[in-house]
Amino acid sequence: MAIIVFACKSNSCRSQMAEAWASEWIRDQISLFEEILVEWTCEKPDENSGHEKITRPVHEHISLLRQTIVASVALDSSAVFDKKSKRIDDEEPRKVSKGQPISSFKRKMVKIKAVEAMKMDSVDISLFKPKTVDEIIPYLYKGYTDDIYPHIQKNLLGEILKENTDFSLYGNKNIGDTKEDESGGENKPVDKLIVLCSCGDSMKYKLARRSKSVEEWSIDAPTAASKAGEGDKAYRRVSLEIRKEVNILMGSLLKSPCQGV
């Protein structure tokens with residue numbers, strides 16, 4: 001099972017786009033390989049044709065794709081909640097270590113212009129919501145997957161908001177917070193961490209130390225590009241740039257078993 005996490009400061013635009021494109025890539029690949037299996041099965045080979053030897057790697061690859069987890073997260077936990085607004089009713093109370101309950105704040109939404117840009121390519125992220133590192137860490141350790149295909153966004157947030165688990169925006173002890181996390185790979189559940197913003201090492205530390213590999217992408221912040229004169233087109237441009245990078249990444253991490261077949 002592979003775990004891939006996309007991160008930016010507020011998890012309100014670029015990292016959400018990346019997560020959605022990665023999930024789309026997984027879904028498209030599953031459909032592609034299932035179609036390949038159907039075509040090969042329709043050929044009705046005899047038992048001595050080596051058909052099973054060819055199809056077994058494809059079945060295994062589909063299984064790997066289904067087990068792959070993609071997630072996105074905010075590196076700056078304070079950017080996830082709007083401290084000027086009260087929480088929405090479906091969010092359960094959460095106590096934090098510095099006195100103020102999370103329940104007093106409303107969770108921010110993904111930027112509407114990012115939603116609209118993705119919608120132009122038939123990808124719906126309208127229900128996606130920003131998440132903190134502390135919120136997703138336990139699920140990365142236990143390996144959370146969806147019954148249909150691995151998409152942590154769909155059900156993870158609902159579980160986070162319903163379970164009586166003491167998550168903290170300010171660094172309370174969480175699952176996996178052990179000395180072993182800082183060395184060795186066994187307690188580093190994230191196979192690949194992709195950072196899509198410029199930020200200091202201290203902001204990345206909590207998640208980076210749980211990652212086997214960290215990569216930084218130079219992707220424009222669409223909001224800044226839009227304000228600089230590009231307008232709303234910046235969101236679509238950035239979305240397509242992210243899709244290109246995501247497709248390359250996913251193809252390198254989850255290589256097709258049909259290469260050379």
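Ile-62 lies in helix α2 (residues 51-67), where helices are DSSP runs of H or I with at least four residues and strands are runs of E with at least two, numbered from the N terminus. The model is a predicted one, in which local features need pLDDT of at least 70, side-chain atom pairs count only at pLDDT 80 or more, and totals for chains, interfaces and linings use all residues. Residues are numbered from 1 along each chain as its sequence is written, and side-chain values use heavy atoms, with hydrogens and water left out.

Ile-62 is buried, its relative accessible area being 7%; buried means under 20%, exposed over 50% and partly exposed in between, with a 1.4 Å probe and protein chains only. Apart from neighbours within four places in sequence, Ile-62 is in contact with Ile-30, Phe-33, Glu-34 and Leu-37, contact meaning heavy atoms within 4.5 Å. Phe-33 is 29 residues from Ile-62 along the chain, yet their C-alpha atoms are separated by 7.0 Å.

The next element to consider is the sheet. Four strands form an open sheet with parallel pairing, in the order β2-β1-β5-β6; two strands pair if DSSP finds at least two bridges between them. Strands β2 and β6 (214-216) are the edges, each pairing on one side only. Strand β1 (residues 3-8) is joined to β2 by six bridges, and Ile-4 has Val-70 as its bridge partner in β2.

Helix α6 (residues 201-208) lies across β1, β2, β5 and β6 and runs at about 155° to β5. Helix α8 lies across β1, β2 and β5, at about 155° to β1. For these angles, axes are lines fitted to C-alpha atoms, for helices over the stretch in contact, and the values run from 0 to 180 degrees between N-to-C directions.

Helix α8 (residues 233-253) also packs with helix α7 (residues 222-230), at an angle of about 135° and with the axes 8 Å apart. The two helices are therefore oblique to each other, since angles under 35 degrees count as roughly parallel, over 145 as roughly antiparallel, 65 to 115 as roughly perpendicular and the rest as oblique. The contact involves Pro-222, Thr-223, Ala-225, Ser-226 and Glu-230 of α7, and Lys-233, Ala-234, Tyr-235, Arg-237 and Val-238 of α8.
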